[in-house]
Amino acid sequence: MGEDAVSMRGISKRFGNVAAVDRTDFHIKKGEIHVLLGENGAGKTTLMKMLYGMIQPDEGEIFINGSLANIRSSKDAIGYGINMVHQHFMLAGYLTVAENVVAGWEPDNTRVFSYKNAVETVRRLGGQYHMEVNPERRVQELSVGNQQRVEILKALYREAEILIMDEPTAVLTPQESDELFNVLRRLKQEGKSIILITHKLKETLQIADRISVLRDGKITAYGIDPEKTDQEELAALMVGRNVELHIQRRSKKIGKTVYQISNLSLGENGGHKLDQIDLSLRKGEILGLAGIEGNGQTELIEVLCGLRKPGTGSLILNGRKMNSQAREFLGNGIGHIPEDRTTRGLVLSMSIEENLMLGYHHQSEFQKWGILRKKNNRLIAERLIKEYGVKARDGRLPVSALSGGNQQKVVIARVLHQDPDVLIAAQPTRGVDVGAMEYIHHMLLELRDKGKAILLISADLDEIRSLSDRIAVIYEGRIVSEKMSDAYTETELGLLMAGGTQ
Amino acid sequence: MNIETIWISTIRMSIPLTLAATGSIFCERAGIISLVLEGMMLSGAFAAVCGSYYTGSALAGVLCGILAGTLIGLLHGILSLRYKVNQVISGVGLNLLVTAVTTLSMQLLWGNRGNSPQVQGIPHFTGVLSGQSVMTFITLALTAGAWFVMMKTRYGLRLRLTGESPEAAQTLGLPVQKLKYSGVLVCGAFCGLAGAYLSLDHLNLFVREMTAGRGYIAYVVAIFGRYHPVGALLGALFFGFFDAFQISLQGKGLPPQLFVVLPYVVTILIITFAVKNIRQPDGLGKL
């Protein structure tokens, strides 16, 4: 193998008083997939942005193929064969694939730009790497997976030898992730070196040749062989303490039904989004809803929280029939952790304090005669921030300043503070790191033990299996199977989710 | 009503709109909001008259007009890009500033706040093309040139990318600031020329606030033409027609105020029904 493709030595970067990256060494061999693992805010992205020239290190040196590199900008980095695919794609949606790929490095080295030539070049490139994307389509018309391909093509077109991928699977479906991994393996065979930034343990073990862990700006473990480690060890390295990844503790006492859903149907554009759904949420039980995304989960959540009126069927909460009015649902003890915290769960530009009362702001706890009780609300917010371990200096900061895990804690704190009887928890741990995930899992179990009824909807089958007491499988808007969770095997569930019969 | 006079007058009215709208396209495709067109045009109109007044040459006047428009473009660029002023506020503020400065300057130079003395104007053709301004052909050539630059050159591609996604342009190592400045400067030059046309092509003098909202109409024309130079040309002809139509209806016994509002009413209608579905560049107004 010889010398390293990349060698970063003694790199430091401070933002104000905080050392984002602290005297770190990091080396990549040629032709390997090296996973850089760490929690949100550990400094992974900062370290890689320095390699890509987007920010300059305060100290330290970078060597490319053994010789000292002077990287002052992304342009320099591209010159050294380094390219980065960002978590948020750097694409102009209105321009075509071909235009996005070649811009800034146009094929004919003249002032006149030949679009035809660009299309041809991109088509050839796609064929060469088995990543066909129609070069004449506008990028905004492509699926997220294909947009990512465009980003990779952009890098390959610039003759990248070293490819940095920042959380590439965060936005992909499991199928798209598998495809991406196939692409990355092919690129490795071509001799490219790949650095993959992630905080997901499963995929790390799936794809990595070697693993390094970054915590608080320092490499805590370098070059681990994935054959000789497991998720528990990696999680402990990431968080700095032992983490319980798969908590399994079944309910000791399941009580009576609190929320009865009967014969629920919902039509849309002539088809059935939900088809005769019967479910009962019982005291002291977590009911897990397993299913591939897009099989009616979103619609079901909306109906159960009063955001959408069902076609037929009845909802009975504590013996009372519910009609569609989201406020009535909230007021009667339904707590809702929405699927997407950034669009439904929070108003990002508003403060933590304000977000902690959204939807409940009309209650006398928060207002008097229509005027918000500012001082009182501040005290409540401070208490909740402490109680739920939200890492925030000040409740007056906008929620957008928090990491994903802490944002989710704000949503959870708001809902639980109201002491709901029923909790609809949709994707409660999506996009949060392992530390926060463990915390949220413990909290759900604790709530259940206090006698709450919980409906858990998650795309992560492992999460469903470990937390749920009972599992229902949804497929094309129908509940196709329901039994106690330990009665299912993993293969059986996978089959049911894909529409297979028992 | 005479079809031929309306046609000639349509062309005359659409020339400044075409030029200003084409300028606007460069600015907006670079991601900068171009509500400053009015001020650019007005400064161009005034500077053109000054240039012609002092040199006796219409060509020198036109060059002065272009220069003045470009200067306003530079100011808008500095305010928006360096000082990160809200681009709508910067644009409208500059428009007001130009109105004030031109009025004041007229008072100082000629002791008259209403209009300037007559000066040497842009020549018109004689013979077959009798009556047509040289500017008609210059405008057509410039529109074609703008299309070529925008769609068929490396610069145009990079400018469009920058306007859509400045972050993407930056990660590719493109000089984002320079590209944005170039867009707003080209816009200023086009608008300065449009202004020079207003003052030097027909009246051959400057009248206070003579642009009369054409900069705002041109802003709508650029959107209506889907930020495409050829679209802008067609859109300008459309608006120019209503302007010409309005003029031809005057002196027919009805109060003229009734017709003067016509182009503005059309603008409102276009904004309400046609423009709302047109997509603006993603990076517009962002830094």
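Chain A is split into domain 1, residues 6-239, and domain 2, residues 256-333 + 420-502. The model is predicted. Between the C-alpha centres of domain 1 of chain A and domain 2 of chain A the distance is 37 Å.

**Domain contact in chain A**

- Domain 1 of chain A puts seven residues into the contact, and domain 2 of chain A puts in four residues.
- On the domain 1 side, four residues are nonpolar, two are polar and one is charged.

**Overall build of chain A**

- Chain A holds 17 helices and 22 strands.
- Its C-alpha atoms occupy a box of roughly 75 × 50 × 50 Å along the principal axes.
- The radius of gyration of chain A is 25 Å; this agrees with a compact globule, because 502 residues would give a value near 23 Å.
- Of the 502 residues in chain A, 43% are buried.
- Among contacts in chain A with a separation of 6 or more, 68% join residues 24 or more positions apart.

**Contact between chain A and chain B**

- Chain B contributes 19 residues to the contact and chain A contributes 17 residues.
- Two helices of chain B, H6 (154-164) and H7 (166-171), each provide at least two residues of the side that touches chain A.
- H6(B) gives the most to that side, with eight residues.
- By class, the chain B side has eight charged, six nonpolar and five polar residues.

Terms used
Residues are numbered from 1 along each chain as its sequence is written. Chains are lettered from A and ligands numbered from 1 in the order in which they are written. This is a predicted model: local features need pLDDT of at least 70, side-chain atom pairs count only at pLDDT 80 or more; totals for chains, interfaces and linings use all residues. Domain bounds come from an automatic or database domain assignment. Two residues are in contact if their C-beta atoms, placed from the backbone, lie within 7 Å. Ala, Val, Leu, Ile, Met, Phe, Trp, Tyr, Cys and Pro count as nonpolar, Asp, Glu, Lys and Arg as charged, and the others, Gly among them, as polar. Helices (H or I, at least four residues) and strands (E, at least two) are DSSP runs, numbered from the N terminus. The radius of gyration is taken over C-alpha atoms; the globule rule is 2.2 Å times the number of residues to the power 0.38. A residue is buried if 20 or more other C-beta atoms lie within 10 Å of its own, exposed if 12 or fewer, and partly exposed in between; C-beta atoms are placed from the backbone.
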